[in-house]
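Let's take a walk through this structure together, one region at a time. Please keep the sequence and the 3D view side by side as you read.

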Amino acid sequence: MATREFKKAARIILVGAPGVGKGTQAERLMKRYPQLSAVSSGDLLRQSVRNKAPLGQEAETFIRAGNLVPDDMILKLILDELQSKRWVSSGSSVTDAAPAQPSKNPSASFILDGFPRTAAQASRLDSLIPINLVVSLITPVNIILSRIASRWVHAPSGRVYNTDFNAPKHSGKDDVTGEPLTKRVDDDEETWKSRLKKFDETSQPLLEHYHKKGVLWTVKGNSSDEITPKLFHEFETRFA
């Protein structure tokens, strides 16, 4: 795959239902555009807890109590990460009224993963970091359910197979170890229908928020391979 260069910084969020292939699209985008990096709120939180950083220790008290980590803590983790890379101005904080000043350098481009998930969180993010593209990835529910029905995993390694488009070399066996593949406990149709319904309920206000901001773009397709070329074209039009 040929690489391309951005001419301006891209600050991106991918929104899509579970099973739609957000991870696949993010990987392909970063491979095509080397200036693009991933910033995962979940990874930042786990790293902060693991390193026993002050914010991580504070967040761990919420996790141990079975509570959600407050939005301001997640926002501070994200802002600290972007400031450490000099992608946004270093003088801003979560309590500031004005947003941080983002770098215009194309190398300050990132895909933000894991946050925001609600319109309220998006409003808080707006007050800190101006996102300039939100991509809504849409694949029909019946296609997603079919993918899940065809999915098998090698639990010890985490390797994932799909009998429709990424089948193991030998049916029911892991390619590397030859050990048997299994189904995930929650990979049943009713569980997934419930997850997809919940996503739809929470994502609509989020998408409406970004539509009003003028940064929402929607792409539809039955497969990742169908969506990727459309995604590349849009990115090249906007940023390259």
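**A guided tour**

Gln 35 sits in the loop between helix H1 (22-32) and strand S2 (36-40). Helices (H or I, at least four residues) and strands (E, at least two) are DSSP runs, numbered from the N terminus.

A word on what you are viewing: this is a predicted model, in which local features need pLDDT of at least 70 and side-chain atom pairs count only at pLDDT 80 or more, while totals for chains, interfaces and linings use all residues. Residues are numbered from 1 along each chain as its sequence is written, and side-chain values use heavy atoms, with hydrogens and water left out.

Now turn to the sheet. Five strands form an open sheet with parallel pairing, in the order S2-S3-S1-S4-S7; two strands pair if DSSP finds at least two bridges between them. S2 and S7 stand at the edges with a single partner strand each, so one side of each has no neighbour in the sheet. On average, neighbouring strands of this sheet are turned by 25° against each other, direction ignored.

S1 and S4 pair in the parallel sense over five bridges, and the bridge partner of Leu 14 in S4 is Val 135. Strand S4 (residues 133-138) and S7 also run parallel and are joined by five bridges; here the partner of Val 134 in S7 is Leu 216.

H1 lies across S1, S2, S3 and S4, running at about 155° to S1. Helix H8 (residues 224-238) touches S1, S2, S4 and S7, and its direction makes about 155° with that of S7. For such values, axes are lines fitted to C-alpha atoms, for helices over the stretch in contact, and angles run from 0 to 180 degrees between N-to-C directions.

Next, look inside. A nonpolar core is a set of buried Ala, Val, Leu, Ile, Met, Phe, Trp, Tyr and Cys residues joined through side-chain atoms within 4.5 Å. The largest one has 34 residues, and the members touching the most others are Ile 13, Ile 78, Leu 82, Phe 110, Leu 125, Ile 129 and Tyr 210. The elements giving two or more residues to this core are strand S1 (11-16), helix H2 (41-50), helix H3 (54-64), helix H4 (71-84), strand S3 (109-113), helix H5 (119-126) and helix H7 (189-213). H4 supplies the largest share, seven residues. Apart from this core lies another, of 20 residues, including Ile 12, Val 20, Leu 36 and Val 135.

How do H2 and H3 meet? Their axes come within 7 Å and cross at roughly 105°, so H2 and H3 are roughly perpendicular to each other, a label for angles of 65 to 115 degrees (under 35 is roughly parallel, over 145 roughly antiparallel, and the rest oblique). Leu 45, Ser 48 and Val 49 in H2 meet Leu 55, Gly 56, Ala 59, Glu 60 and Ile 63 in H3. Leu 45 counts as buried because its relative accessibility is 15%.

Finally, some backbone details. Most residues other than glycine have a negative phi, and most peptide bonds are trans. Lys 52, in the loop between H2 and H3, has a positive phi near 55°, and Lys 52 counts as exposed at 57% relative accessibility. Arg 86, in the loop between H4 and S3, has a positive phi of about 65° and is exposed, with a relative accessible area of 72%. A cis peptide bond, with omega about 5°, joins Phe 115 and Pro 116; Pro 116 lies in the loop between S3 and H5.

Notes. Buried means under 20% relative accessible area, exposed over 50%, partly exposed in between (1.4 Å probe, protein chains only). Contact means heavy atoms within 4.5 Å.
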